2 protein chains.
Amino acid sequence: MPKRGLLIVISSPSGGGKTTICERLLRHDRLLSQSISMTTRSPRGRERYGREYYFIDKAGFQKSIRAQQFLEWAQVHGHYYGTLKAEVEKQQRAGRDIVLVIDVQGGLAVKRFNPEAILIFIKPPSFKALEARLRGRGTDERPTISGRLRHARLEMAQALNYDYVVINRQLPEAVRQIEAVLTAERLKVRKR
Amino acid sequence: MPKRGLLIVISSPSGGGKTTICERLLRHDRLLSQSISMTTRSPRGRERYGREYYFIDKAGFQKSIRAQQFLEWAQVHGHYYGTLKAEVEKQQRAGRDIVLVIDVQGGLAVKRFNPEAILIFIKPPSFKALEARLRGRGTDERPTISGRLRHARLEMAQALNYDYVVINRQLPEAVRQIEAVLTAERLKVRKR
């Protein structure tokens, strides 16, 4: 039986860099896989069912909530996103380390359900930098940006409930630091 | 006030590589300092009082034991070695991360006194490898080597009480892994 995989949660405020960082991690780290979330938002660009997300309608999502199939779920900017317990469990049991890229509410929900989950919070170096990134991204309208910034302040306050905080000054350095966390967690003696 | 420094303990069976690894760590990591132990053994080679050790006679050492000045102390192969509480405290308070290279008994004593200490155990890849290293070192007599190997078995059994276990297959890889542990521990959110 393989050693049970780790469950890693990466969160940041919207625009904080979690998606890009996770892509880099997955590219360098062959022991790491991403769990595929379920969502009610529509596919963007080349996104495909079962690769980036399981796309589903609202009724289907709510059915899964009622059946308690989610490790965590949240409504973000009008869309539902959720991580399926069965999906994560299957991968961990196969010895794969799983990374979830989710928001702070989701991260804390995962920790409640599974205290062994490793929570990593990615902080932008400043609010100014966060704002610049959100505007630079160009996928959001102006009112959405200010809403996201307000939401970001609330999320940042939760960083202290995470296990690790990485400041995303320079992408390669942030990636290197998270890789160090993964290396260390794999060397940890697991106590019962 | 600087952020309080970390207290890191590195242990391995005699011949397991802890001294060499620690030298490498100290060379690369400017945030890390070594605590200077007190010992009753005689200086070897170029060792100097207050640099490698505080050399002291048996009576002086026992006086410090009675005065509870040691964070840990142990008698190893006929000599006393001890880490002074005041020395470690002063450095941690100044924000320096301190590494102690001590045996397993000492490491577990440190953890009892200070549960926040980070215990790293360095394992040789096998007993055969450990034996080869002890013989190759050429500083020990044959009966001492077999005594050390017996002692090593006892120490290895304690690895599960450490926080991290690093297998010293190749020196650079072992050093890299311990550096990752230090990076991760520095990113950790300190909870009260």
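This is a predicted model: local features need pLDDT of at least 70, side-chain atom pairs count only at pLDDT 80 or more; totals for chains, interfaces and linings use all residues.

Analyst: Residues are numbered from 1 along each chain as its sequence is written, and chains are lettered from A and ligands numbered from 1 in the order in which they are written.

User: By what turn can chain A be laid on chain B, and what relation is that?

Analyst: Two copies of a chain are related by a rotation about an axis and a shift along it. Copies are superposed by least squares on the C-alpha atoms of residues with pLDDT of at least 70 in both, and here chain A falls on chain B with an RMSD of 0.0 Å and a shift of 0.0 Å along the axis. The turn is 180°, which means the relation is that of a two-fold axis.

User: Which element gives the largest share of the side of chain A that touches chain B?

Analyst: Two residues are in contact if their C-beta atoms, placed from the backbone, lie within 7 Å, and by this rule 14 residues of chain A are in contact with 14 residues of chain B. Helices (H or I, at least four residues) and strands (E, at least two) are DSSP runs, numbered from the N terminus, and those giving two or more residues to this side of chain A are β9 (164-167) and α7 (171-187) of chain A. The largest share, 6 residues, comes from α7(A).

User: Is strand β1 (residues 7-11) of chain B largely enclosed or open, and how many of its residues are buried?

Analyst: A residue is buried if 20 or more other C-beta atoms lie within 10 Å of its own, exposed if 12 or fewer, and partly exposed in between, with C-beta atoms placed from the backbone. In β1(B), Leu7(B), Val9(B) and Ser11(B) on one side and Ile8(B) and Ile10(B) on the other are all buried. The strand is therefore largely enclosed by the rest of the structure, the buried count being 5 of the 5 residues.

User: In β7(B), which residue is the bridge partner of Ile10(B)?

Analyst: Two strands pair if DSSP finds at least two bridges between them, and β1(B) pairs with strand β7 (residues 97-101) of chain B in the parallel sense over 4 bridges. Within β7(B), the bridge partner of Ile10(B) is Val101(B).
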